[in-house]
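Hi everyone, thanks for coming.

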Amino acid sequence: MKNAFGALSDEEVRQLTLLVETLDRSGFDFLQLAVADMTLTLSKGTPPPAQMTAIPLPGAAPAALVPRPTAMPTAAATRAPSPPTATLPSPPASAAAPPSGARAPAPRKKAPPEAGTLDIKAPLKGLFYSKPDPASPPFISVGGTVSESSTVCLIEIMKVFNAVPAGVAGVITEICAQDAEIVEAGQTLFRVRPAGSAA
Amino acid sequence: MPFTRVLVANRGEIAVRIIHACQTLGLETVLAVSEADRDSLPARMADRTVCIGPSAATQSYLDPRIIVTAALGTGAEALHPGYGFLAESAELAELCAAHGITFVGPQPDHIRRMGNKLEARTLARLHGVPILPGSEKVHSWEEAAKIAERIGLPVMMKAAAGGGGRGMKVVTAPGDMQRMFTAASAEARSAFGDGTLYLERFIPNARHIEVQVLGDRFGNVIQLGERDCSLQRRHQKVVEEAPAPAITETLREEIHQAAVTLAGKIAYESAGTIEFIVDQDAKTFYFLEMNTRIQVEHPVTETITGIDLVQEQFRIAAGERLSFSQAEVNFTGHAIECRITAELPHEGFRPNPGRITAWNPPVAPHIRLDTHCYAGYVVPIFYDSLLAKLIVYGADRGQAVARMRDALAHFEVGGIGTTLPFLHFVMGHEDFAAGRVNTRLVEELIAQMPNGVGATE
């Protein structure tokens, strides 16, 4: 082992350091480099938009500042077939948060539902909205009380908005969908502890 | 024409329609597409495309700055907004003007005055055109409930910023007010970027009759006759025809005159439509709104007049004088349009997007089909459910109805449920055949239609 980065040679580490410095000085937010079997992503802490489209820059490949769609931009270099052994300085913790307005659903917690709760399911497939409009507060938050006819969310399909009633009276214990996420018919949207049941 | 390259700022069948008009006029086309529409039929027809953002319309088709940037970036000198989306955005028209792009539509001032439905009502009243009892802006459901008490239930909630059925709800019971208000306001905001609502008295036995007008910048305003659009579901038109059946010639002429008066008073420029509601019990008509754009149902007027309205829009935008006078407009025969949508009639016209596996439309000399669909096309969930407009021509209404019925029977769509079986049922129904139509006929007919016929998925 020649240095702290294990599998990388001194020369490779020097080049990486150069790239980090170059990115730091540049007006770009992140850099992705794909050479042969290695992919390197460096970020200044601002994650690239999830839906950013790859724009091939003529004559710039392979080592170029090319915005690419990426799942989660952390500064990590991987080299196949050996497992990732090198980690460059971590981005600020905030960078790990999903970009605001990103459409890719975050991994959903698979915690088992609280005993005695009922599910409010999506009556149809469509886009889930927790608020009547972007500037308003959500219809309901965790801990909020709903009656059977309370509107808990909107589901939009083909420009038609459907106000979804709770269908059950009680207290919301969990919200299981994110704004602008595509939900399937029958998917659980909320969990409710029915009124009258022991807390 | 003073422009050679046009940005088509729309999608679906109307994008196909506009591109076709441009090709006929020798204009180059650039189509603005969202990520969901990059491989669409109009995208393949256009000379080039420009991706304007993600699938959600609010982040692509509904952002005027993105649209104008796309036009500037691609060197487009004119912009056609189609219908829906930003077609009636004064902001878009103004941005175009500010950046030297010809907006293929009316002047920003026309859009602003008529686009605000409340101001349009005031303008109509000022010029002696009758309007329905109603309200000004309504800010909350509680306020709406108070107004409803004054003008009497049922009332219709409407979006101040637009038409097309978005943000429209009929409230018949006071208990429904809160839920309806919330849904209507959200719908209006999504469709027009403005959730403001107002109320009008709801006329139960109503016909929806509208007049097509054309105006140039020299102050010439003419009408191209009326269309009957009474068959609606969810306040969106299902079947349209021209001329309107079973109305007196006196009423027809009064409606035409009211339309020309209103459009003339504001020196309207481009293609526009003045919508009226005809109360069949009281035998009176009221101004509803003016749409300052090309309408979905424009082909029925084109069919009976032989005038290409989209091409006329381009000529007017180019500063040309109308090439025909009112006396030179001839009406021949009868035309009907059926909107074929991805919806399940028996489930409250629930939207039903998905992959089209088979697409075999009818072909005949009297048939016109405006569509962006084909076998293998995936209908996205993000946009409205219109798949195709089937238009037939007949020497008279009877022949047109019979031909439409036959055409619908020979239209095969596989993979997704559509309104085809329902439309076929309507064309065979005695009430429609006799011209006994009103805005509630769809509901009545759906109840009569044998179940199972339309339930294909």
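Let's start with helix α9 of chain B, from the side facing out: the face turned away from its buried side carries the exposed residues B:E249, B:T250 and B:E253.

Quick housekeeping. This is a predicted model, where local features need pLDDT of at least 70 and side-chain atom pairs count only at pLDDT 80 or more, while totals for chains, interfaces and linings use all residues. Residues are numbered from 1 along each chain as its sequence is written, and chains are lettered from A and ligands numbered from 1 in the order in which they are written.

So which residues of α9(B) are buried? They're B:I255, B:A258, B:A259, B:L262 and B:A263. Among the elements covering them are α6 (117–126) and β9 (206–215) of chain B. After the helix comes B:A267, with a positive phi near 50°.

Now the sheet. It's open, with three strands in the order β7-β6-β8 (chain B) and antiparallel pairing; to pair, two strands need at least two DSSP bridges between them. At the edges sit β7 (169–171) and β8 (197–201) of chain B, each pairing on one side only. Three bridges join β6 (residues 155–159) of chain B to β7(B), and B:M156 has B:V170 as its bridge partner in β7(B).

Conventions
A residue is buried if 20 or more other C-beta atoms lie within 10 Å of its own, exposed if 12 or fewer, and partly exposed in between; C-beta atoms are placed from the backbone. Helices (H or I, at least four residues) and strands (E, at least two) are DSSP runs, numbered from the N terminus. Two residues are in contact if their C-beta atoms, placed from the backbone, lie within 7 Å.
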